[in-house]
Amino acid sequence: TQRCAKTLLQTLRAHQHHATHTNQPCHTHSKQQLLNALTTHTIQAWYQPQYSLGQQTVVGVEALARWAHPQLGLLAPDTFLKDIERESLHEALLYSMLEQSITAQKKWKILGHSLRISVNLHTQLLDDLSLATRLFECVRDLGAYPASICFELTEHSNTINTSHYYSGATRLRMKGFA
C-alpha cells in the first residue's frame, strides 16, 4: 500500500542517514596500520557478481576492498582509500586483492564455477613499466592464468605520462590479462 511504501522509504532514509554518519572516517590510518591490515587480510576482497545477460549466468566477479577493522567494524573503501593513496600503498593493495581473489577463484573452480576476477588497478601504477611482467609472474606463481584476471583501471587517477597509460595497458594485454 501507499502507507507501507511511505513507511519503508522513511525507514530506509533514516538508515542511510545513520550509515552515512557512522561510517565516515573518524581519523586517518597510519602506514603501519594499513600495512598490517593488508598483510593480515583484514582489508578483504568482497566479491560483486558480474552477470551476463546473453548467457544468463554469473560469468565473473569484481573484487572490492572492505576493511574489517578490529575497533571500527566494517569500513567502506571511502574511509581508507585516501590513506592508501597518501601512503602510496596502491601496489600493496593490488597484490593483496589479487592474492585473495585467486585463492577464492581456486575454491570456486573446485565447486564447478569458472569465474573471471576483476581487480581494480590504480592507473598511476602503469608508470612502472615492469608492472605487467611482475603481475604476470605473481599470477603464475599463485597458480592462475592471466586470461582469468581482468584489471579495471580506476577512473580517479592518471599516469604521469599519458603514453604510460597506453603502453601499460598494452603490456597487460600482451601478458594475457583482460
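In this predicted model, the structure holds 5 salt bridges. Two of them are made by R86. Its side chain meets that of D83 in a salt bridge with an N to O distance of 2.6 Å, and a salt bridge also joins the side chains of E87 and R86, at 3.1 Å from N to O. D83 and R86 both belong to helix α3, which covers residues 81–86. The two residues are 3 positions apart, or about one turn of the helix. Their surroundings can be described by accessibility. D83 counts as buried because its relative accessibility is 6%, whereas R86 is partly exposed, with a relative accessible area of 42%.

A further salt bridge involves the side chains of D141 and R140, with 4.0 Å between N and O. Here D141 has a relative accessibility of 62% and therefore counts as exposed, while R140, at a relative accessible area of 48%, is partly exposed.

The strands are considered next. Strand β1 spans residues 43–52 and strand β2 spans residues 57–69. These two strands pair in the antiparallel sense, and 10 bridges connect them. Together β1 and β2 form a hairpin, with 4 residues between the strands. The turn includes Q56, which has a positive phi of about 55°.

Positive phi values also occur in two loops. Phi of H41 is near 60°, a positive value in a residue other than glycine. H41 is placed in the loop between α2 and β1, and its relative accessible area of 27% makes it partly exposed. For S88, likewise a residue other than glycine, phi is positive and near 55°. This serine sits in the loop between α3 and α4. S88 is exposed, having a relative accessible area of 60%. In general, most residues other than glycine have a negative phi.

S96 is found in helix α4 and counts as buried, since its relative accessibility is 6%. When neighbours within four places in sequence are left aside, S96 is in contact with L38, H41 and I43.

The largest nonpolar core contains 35 residues, of which I43, L98, L121, L135 and F151 touch the most other members. At least two residues of this core come from each of α2 (31–39), β1, β2, α4 (90–110), β4 (116–121), α5 (131–141) and β5 (149–153). Helix α4 gives the most to the core, with 6 residues. Not counting residues up to four places away in sequence, L121 touches L94, L126, L131, L135, F151, E152, L153, T154 and L172. Two of these contacts, L135 and F151, are named with L121 among the core residues that touch the most other members.

Aromatic rings were examined as well, and the count comes to 4 aromatic pairs. One of the pairs is formed by W67 and F80 in an edge-to-face arrangement, with 5.7 Å from centre to centre and 85° between the planes. W67 lies in strand β2 and F80 in the loop between β3 (73–75) and α3, so the pair ties together parts that are 13 residues apart in sequence. Both W67 and F80 are buried. Another ring, that of F136, has a charged residue over its face: K175 lies there at 5.3 Å from the ring centre.

Definitions and conventions:
Residues numbered from 1 in each chain as written. Predicted model: local features only at pLDDT ≥ 70, side-chain atom pairs only at ≥ 80, totals over all residues. Heavy atoms only, no water. Buried < 20%, exposed > 50% of the residue type's maximum accessible area, 1.4 Å probe, protein only. Pairing = 2+ DSSP bridges. Core = buried A, V, L, I, M, F, W, Y, C linked by side-chain atoms within 4.5 Å. Contact = heavy atoms within 4.5 Å. Phe/Tyr/Trp six-rings, centres within 6.5 Å; stacked < 30°, edge-to-face > 60°. Lys NZ or Arg CZ within 6 Å of the ring centre and 35° of its normal.
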